[in-house]
Amino acid sequence: MIDYSKVLNNAVSDIKPSGIRKFFDIAATMDDVISLGVGEPDFQTPWQIRKAGINSLQQGKTKYTSNKGNFALLKEISSYMQRKYNLNYDPKEQILVTVGGSEAIDVAIRALVNAGDEVIIPQPSYVCYEPITRLVGGVPVIIDTKAENDFKVTPEELKMAISDKTKVLILPYPCNPTGAIMEREDLEKLAEVLKGTNIVVLSDEIYSELTFSENSHISPALIDGMLERTITINGFSKAFSMTGWRLGFACGPKEIINQMIKIHQFAIMCAPTTSQSAAIEALKNCDEDVALMVKEYNMRRRLMVSGFNRIGLTCREPKGAFYAFPSIKSTGMTSEEFCEKLLQSKKVAVVPGTAFGDSGEGFIRASYCYSAEHIIEAINRIEEFLKEIK
């Protein structure tokens, strides 16, 4: 009988499953659960995007595209990045279309990190950065961001994290799960720390359209001296409500993009052709659709944050993405305990902050990708739960 412990890759076996999925799986077995856990837009993909995908199939566009992506899409991404973020990328050499932003993150880390290289990862943050780093033999160096700093990376924290083995700094802003953003002045301070180093910045900007501060989103690549060291990751899942279409992209120096393309072409070949056709329409003609969704998210954001604060769970204002990250420290429970008891007693599913790193202890993540009625009912149930545990 085969001994699977001697067959499996040790690095994979040592990785813990996503802490987010645990509560989804439990909730799926229960009736009448209100979930604030899913980080997925509740809007349908705008009709004209779906129609473009349908038309591409009717026209028989079912063959592979170039490894880099459909050149018409590469040009639209280049135009979009210039129009939205004042960044200029050559569609021939500096852009790669990927299977979601997740693949872009994966191939970027694999293209950059050798065994023993250190990757600086701010946490709480999205769950994939640390395991991907470990899979390539890299060493995660965690910066525990703090609520009192609005979960931003400070220049002092960055200086302390850097060593002669540092290869990559991940900047996951706007941030899942905290909703934190980095303003221009914040990024300028980090750029000063990085000046004169060979550290590459991987900037995950999948929530860039969902920014609610007075200032619009700014990419680290726009800061003086940062363009040559920044890989910008983005995609269509969040802003265009295209999660199931699985389409993202990476922009950056051609020297790095070329190496990413090699990994992509051997592992993937190309991103889905139909999705690429639909994405062209999204970038060309869907600014108004995005604006309407962002307006709705902003209303829900205010509703959720005011609701948490009203019932006694301190919640800082999230200025990006579509998550609130309230503190549950006043209950005396761990994040995991709070989420489990809330789900069992009130049938409300939220995600423990520890799913996003140890520094998430004492917090929960709640998504406002739901209707106002859905959010109000969830907040009311959480209020009842808090009264019962006092």
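Q: What is the bridge partner of Asp204 in E7?
A: In this predicted model, Asp204 has Ile233 of E7 as its bridge partner. Strand E6 (residues 200–204) and strand E7 (residues 230–235) are joined in the parallel sense by four bridges.

Q: What makes E6 and E7 count as a pair of strands?
A: Two strands pair if at least two bridges are found between them. E6 and E7 have four bridges, and therefore they meet the definition of a pair.

Q: How do you know that E8 pairs with E7, and in which sense do the two run?
A: Four bridges join E7 to E8, and the two strands run antiparallel.

Q: Why are E2 and E4 said to stand at the edges of their sheet?
A: The sheet is open, with seven strands in the order E2-E8-E7-E6-E5-E3-E4 and mixed pairing. Strand E2 (95–98) and E4 each have a single partner strand, so each is left with one side that has no neighbour in the sheet. On average, neighbouring strands of this sheet are turned by 20° against each other, with direction ignored.

Q: What makes E3 and E4 partners, and how do they run?
A: Strand E3 (residues 118–123) and strand E4 (residues 139–144) run parallel and are joined by six bridges. Pro122 stands opposite Ile143 in E4. From E3 the chain passes through helix H6 (residues 129–135) to E4, and this β-α-β crossover is right-handed.

Q: What shows that the faces of E8 are covered?
A: Gly248 and Ala250 on one side, and Phe249 and Cys251 on the other, are all buried. Buried means under 20% relative accessible area, and both faces of E8 therefore count as covered.

Q: What describes the packing of H5 and H9?
A: Two packed helices are described by the angle between their axes and the distance between the axes. For helix H5 (residues 100–112) and helix H9 (residues 254–267), the angle is about 115° and the axes are 9 Å apart. The contact involves Glu103, Ala104, Val107, Ala108, Arg110, Ala111 and Leu112 of H5, together with Ile256, Gln259, Met260, Ile263, His264 and Ala267 of H9. By class, this contact has nine nonpolar, two polar and two charged residues. The crossing of H5 and H9 is right-handed. H9 also lies across E2, E6, E7 and strand E8 (248–251), and runs at about 25° to E2.

Q: How do you know whether Thr154 is buried or exposed?
A: The relative accessible area of Thr154 is 16%. As the limit for buried is under 20%, Thr154 is therefore buried. Thr154 lies in the loop between E4 and helix H7 (155–161). Neighbours within four places in sequence aside, Thr154 is in contact with Asn149 and Leu190.

Q: Why are Asp150 and Lys347 given their accessibility classes?
A: Partly exposed covers the range between buried, under 20%, and exposed, over 50%. Asp150, at 37% relative accessibility, therefore counts as partly exposed. Lys347, with a relative accessible area of 29%, is partly exposed too.

Q: What is omega for the peptide bond that joins Gln123 and Pro124?
A: Omega is about 5°, and the bond between Gln123 and Pro124 is cis. Most peptide bonds are trans. Pro124 lies in the loop between E3 and H6. The peptide bond from Tyr173 to Pro174 is cis as well, with omega near -5°, and Pro174 is in the loop between strand E5 (166–171) and helix H8 (184–194).

Methods: Residues numbered from 1 in each chain as written. Predicted model: local features only at pLDDT ≥ 70, side-chain atom pairs only at ≥ 80, totals over all residues. Heavy atoms only, no water. Axes fitted to C-alpha atoms, helices over the stretch in contact; angles between N-to-C directions. Left-handed = near helix turned anticlockwise from the far one by under 90°. Contact = heavy atoms within 4.5 Å. Nonpolar A, V, L, I, M, F, W, Y, C, P; charged D, E, K, R; others polar. Right-handed = clockwise from strand over helix to strand, strands pointing away. Buried < 20%, exposed > 50% of the residue type's maximum accessible area, 1.4 Å probe, protein only.
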